[in-house]
Amino acid sequence: MKKVISILLAVVLVVGTVFALAGCGKKAADSYDLVLITDGGTITDKSYNQSAWDGIKAYGDENNMTYRYYQPQREEGEELSLDSVKNYIDLAAKGGAKYIVLPGEDFAVAAYEVAPTYSDVNFVLVDAFPHSQDDDTLRMQQNVMCISFNALQAGFLAGYSSVVDGHTKLGFVGSINSAKSVDYGAGYVQGAAFAADELQKPVTLDYAEYDNPKLNYDYSFTIKPVYREISKATKKTFKVKVEGGYGSGVYTDGSNVKITCAGCPEGKVFDHWETKSDTEGVKDRKVNISDKNAWEMNLLVGDCDCTITAVFADAETIPVTIGNPDYEAPTVNELKGTMQGETYYAPKNGDFWAEAPAAPSGFIFDHWESDAGEEIFEHIDEKGTTITTGEAAIQLTPVYVKSENPTFDVTVEYGTGSGSYVTGDEVKVVADAPKDGYMFYKWENIDNQGLSTGIEMENEYNYTTQFEMVDRFASLAESMYDEGVDVVFGGGNPLSDSIFMATWEFDYPVYCFGYGYDESEKGNCLASVVNDYGAAVKLALDKYKGGSMLSADCSNDCIYVTGKTLDEFQLDEDGNIAKDKDGKEIKNEGYNANYARIYKALKENKFAVKKIQSGKDINSVRSGACLTLNYRVK
């Protein structure tokens, strides 16, 4: 429970932010020797903040030093601001901190720009190095000690453990733009190859970098409506006719159908819906719509066939034209909507909702342009936005740019919604009206391998629906699982959590090998190769030297694989081998002689794991005869 201390309220007003207060070490004090500034997360996050805090506590208790932490306020999805970090560093320094621990890349710029102004304070920057805001070149500072985890060794342990644990079909999905990911991948390949040769076991490894321009993977899929004969419906059906809008069709009793106005004629604005029963003996009021005044509303099908008509009122309107992009395989880097676009009618001096057409393949929406100026847009850089109209006609020009990352090409057969999309896009699809004698049943989606994509639609049984575009990283991992891979590693990639997302669609066992911290709580986690922030922080504080880089690796027990132990037998409280009631020595369940031997060899630097430059052929570090490497490049 947080303690609210009155004096702290004044401090909060001074720094303008909210912080969390931790307990101190062995004695209460007005100043604290050791301070952790979290990345906005809690010290019970079962991740890096908690691990770093454990290291500080262990060092403080052993050396009779006081300690505390600050937890900056940070909204989910937001970056930790430099100003916020400055405030907490200043607060810690004024409190007499001798050491300030900064965990992760969020603090790299602060370590470069802010730390030098506090020359009497020693900083520990974990798993990152100081650099400027616009240049990630290493810039060591005299009062900053950095901790660098050995990603090559960590990747090696992950690859070796995957094979030793019995898996022979492995996958790696990384990032060509992440140096750490490249190292993790190179280590993973070498570890898997080493174990395969040792065990004389054939192993295959699919290797892909999702942002590699040479990636041999097609991010396209097809969505199409499924129609079925009305005569084969198992429920009673009713015919719905929508005039001036979308939603016509035949639906089963109880269906919830979205009805949308198709647009206003010139000189008109939408006013309301009129409903009429087309079944003899059933009154018009039995047509159950959710809101007769809403442009878009729902119809609960039942009781009767019906006609729903959009009614328009007279109004002064202006034409608003939204340019369509040229979909014929453009080769330029920037593409603008053509003048020959779709024209709509909007009320004069009012509001109008504008939505850019889907982008062509390989492009993404960037911003709007208009002959009426920028001030008409509520959000000029959003593909869907409200504009403010005036007295004159308006031409809206959507501008698209080449995507730096692969895009999804979605083809909607017998409907609308086709285009190029990126992760997070809301994709809206509308099925064509069925031919006589048929009714819309549901949507189906198929990837380029002829398999379901696992897209989660808002309502797959509605002729018009939408879904959020899936993560490219998850899509690539899922394709590996489709092809028989049973464990995928994503070390060093900022999107690596998506490999767990990809496992949700399978009813047979597939696994992820986690990295960084213990990811076992995510489910489907075979094991994790851990960067132990706690052990590394404790070691750095014990051997502190400003302006230097501490290598955290097997030699100082700062990386390891969960569920694995180097000790064959359990020890009792006196340090002797524990025995059961029958006098038999008790073995550790997590002991594997091969893993223990390899870890010891890495610890003693008996062999080195080879490094590879980003973009170079991963085959250059593959060795041995038992590993088959499938490198997904064109």
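1. A residue is called buried when its relative accessible area is under 20%, exposed when over 50%, and partly exposed in between, using a 1.4 Å probe and protein chains only. Cys 512 is buried, with a relative accessible area of 0%. Cys 306 is buried as well, at 4%.

2. The model is predicted: local features need pLDDT of at least 70, side-chain atom pairs count only at pLDDT 80 or more, and totals for chains, interfaces and linings use all residues. Residues are numbered from 1 along each chain as its sequence is written, and side-chain values use heavy atoms, with hydrogens and water left out.

3. The structure holds 0 disulfides, a disulfide being a pair of cysteine sulfur atoms within 2.5 Å. The sulfur of Cys 306 lies 5.6 Å from its closest cysteine sulfur, in Cys 304, which is too far for a bond. For Cys 512, the nearest cysteine sulfur belongs to Cys 525, 7.1 Å away.

4. Six strands form an open sheet in the order β2-β1-β3-β4-β5-β33, with parallel pairing. Strands (E, at least two residues) and helices (H or I, at least four) are DSSP runs numbered from the N terminus; two strands pair if DSSP finds at least two bridges between them. Because β2 (67-70) and β33 (549-552) stand at the edges with a single partner strand each, one side of each has no neighbour in the sheet.

5. Strand β1 (residues 34-37) pairs with β2 over 4 bridges in the parallel sense. Leu 34 has Tyr 67 of β2 as its bridge partner.

6. Helix α2 (residues 48-62) lies across β1, β2 and β3 (99-103), and runs at about 180° to β1. Axes are lines fitted to C-alpha atoms, for helices over the stretch in contact, and angles run from 0 to 180 degrees between N-to-C directions; contact means heavy atoms within 4.5 Å.
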